[in-house]
Amino acid sequence: MPRVFPAYSTGRVITTELVECQRLDEVAKQDLSPEARFHIGRMLVRAWLGPVLTTGTAHGDPHPGNFLVRPD
């Protein structure tokens, strides 16, 4: 999760740090090992289902362009 800057955020805008990453749809086109693909898939399931199971909230637009993958 990127760090939030409350001093630059309001009730309608959240300002966060810039995080170097790629969109999931771009990463999916790369030649990754099965282990790397499994890890990304596992993180995707956690990112989408975690909030559903813990707080009852869901991502409103879950498509590959709306999920980002960090290099690490």
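This is a chat about a predicted model of one protein chain.

Reader: Before we start, what kind of model is this, and how are residues numbered?
Author: It's a predicted model, where local features need pLDDT of at least 70, side-chain atom pairs count only at pLDDT 80 or more, and totals for chains, interfaces and linings use all residues. Residues are numbered from 1 along each chain as its sequence is written, and side-chain values use heavy atoms, with hydrogens and water left out.

Reader: Which pattern do they follow along the sequence?
Author: It reads β-α-α-β. The radius of gyration of the chain is 14 Å, well over the 11 Å that the globule rule gives for 72 residues, so the chain is more spread out than a compact globule. That radius is taken over C-alpha atoms, and the rule is 2.2 Å times the number of residues to the power 0.38.

Reader: What box do the C-alpha atoms fill?
Author: Roughly 40 × 30 × 20 Å, taken along the principal axes.

Reader: And how much of the chain is buried?
Author: 10% of the 72 residues count as buried. Buried means under 20% relative accessible area, exposed means over 50%, and partly exposed is in between, with a 1.4 Å probe and protein chains only.

Reader: Switching topic: where does Ser9 sit?
Author: Ser9 is in the segment before β1, which covers 22-23.

Reader: What does the side chain of Ser9 reach?
Author: It reaches the backbone nitrogen of Thr15 at 2.9 Å. A polar atom of the Ser9 side chain also lies 2.9 Å from the backbone oxygen of Phe5. Setting aside neighbours within four places in sequence, Ser9 is in contact (heavy atoms within 4.5 Å) with Val4, Ile14 and Thr15.

Reader: Where's Arg3, then?
Author: Arg3 is found in the segment before β1 too. Beyond its neighbours within four places in sequence, Arg3 is in contact with Thr15, Thr16 and Glu17.

Reader: How far is Arg3 from Asp72?
Author: They're 69 residues apart in sequence and 17 Å apart in space, C-alpha to C-alpha.

Reader: Which side chain does Arg70 join with a polar contact?
Author: That of Asp72, at 3.0 Å. A polar contact is a pair of N or O atoms within 3.5 Å; within protein, one must be able to donate a hydrogen and the other to accept it, and residues adjacent in sequence count only if both atoms are side-chain atoms.

Reader: Where does Arg70 lie, and what else is it in contact with?
Author: Arg70 lies in the segment after β2, which is 68-69. Leaving out neighbours within four places in sequence, Arg70 is in contact with Val19, Glu20 and Cys21. Arg70 is partly exposed, with a relative accessible area of 46%.

Notes:
Helix = DSSP H or I, 4+ residues; strand = E, 2+ residues; numbered from the N terminus.
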